[in-house]
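Hi everyone, thanks for coming.

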Amino acid sequence: KGDSTRDCTETEVLACAQLPDFDNSMTQREAEEFFMILTAPTVRIPLLLRFFVPDRTHLLNNRQIRCVLFAALFEPGGCADLQKPPVTEAPSDVPLGTPRGLLLHELEVAPS
């Protein structure tokens with residue numbers, strides 16, 4: 001909706017009458033789940049991987065879906081400044097970040 005640089009919210013996803021289905025690769029239920037996962041940056045990576053494996057790996061045959069997954073995994077997103085001490089409370093209008101991006105953060109802190 002509107003500004004393509006702004007993150008979409010869960011409410012906006014739920015309000016969509018018809019979500020993109022990537023050339024009929026996904027059902028509307030799957031598309032809703034997929035886009036809902038993308039609205040949750042702190043848990044996006046494990047939820048996306050759980051979404052695809054083991055039952056939906058065939059969806060990765062679609063180039064657009066693959067591009068979205070790769071972007072979620074490998075684009076750096078917000079990064080924290082290593083020179084400043086960690087802040088315990090962040091203002092609501094300031095996005096939180098990690099020193100080296102979400103994927104490396106997940107690999108470092110995720111339970112075995």
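**Aromatic rings in the core**

Let's start with two residues: Phe22 and Phe35 are both buried. Keep in mind that what you see is a predicted model.

So how do the rings of Phe22 and Phe35 sit against each other, stacked or tilted? They're stacked, with 6.0 Å centre to centre and 15° between the planes. And this pair ties together distant parts of the chain: Phe22 is in the loop between α1 (10-15) and α2, while Phe35 is in helix α2, 13 residues apart.

Now for another pair, Phe34 with Phe51. This one is tilted, at 5.6 Å centre to centre and 35° between the planes. Again, distant parts of the chain get linked, with Phe34 in helix α2 and Phe51 in helix α3, 17 residues apart. Phe34 and Phe51 are both buried, too.

Stepping back, the count of aromatic pairs comes to seven. Which residues make up one aromatic cluster? That would be Phe22, Phe34, Phe35, Phe51 and Phe52.

Leaving out residues up to four places away in sequence, Phe35 touches Val13, Leu19, Pro20 and Phe22.

Okay, over to you.

Technical notes:
Residues numbered from 1 in each chain as written. Predicted model: local features only at pLDDT ≥ 70, side-chain atom pairs only at ≥ 80, totals over all residues. Heavy atoms only, no water. Contact = heavy atoms within 4.5 Å. Phe/Tyr/Trp six-rings, centres within 6.5 Å; stacked < 30°, edge-to-face > 60°. Helix = DSSP H or I, 4+ residues; strand = E, 2+ residues; numbered from the N terminus. Buried < 20%, exposed > 50% of the residue type's maximum accessible area, 1.4 Å probe, protein only.
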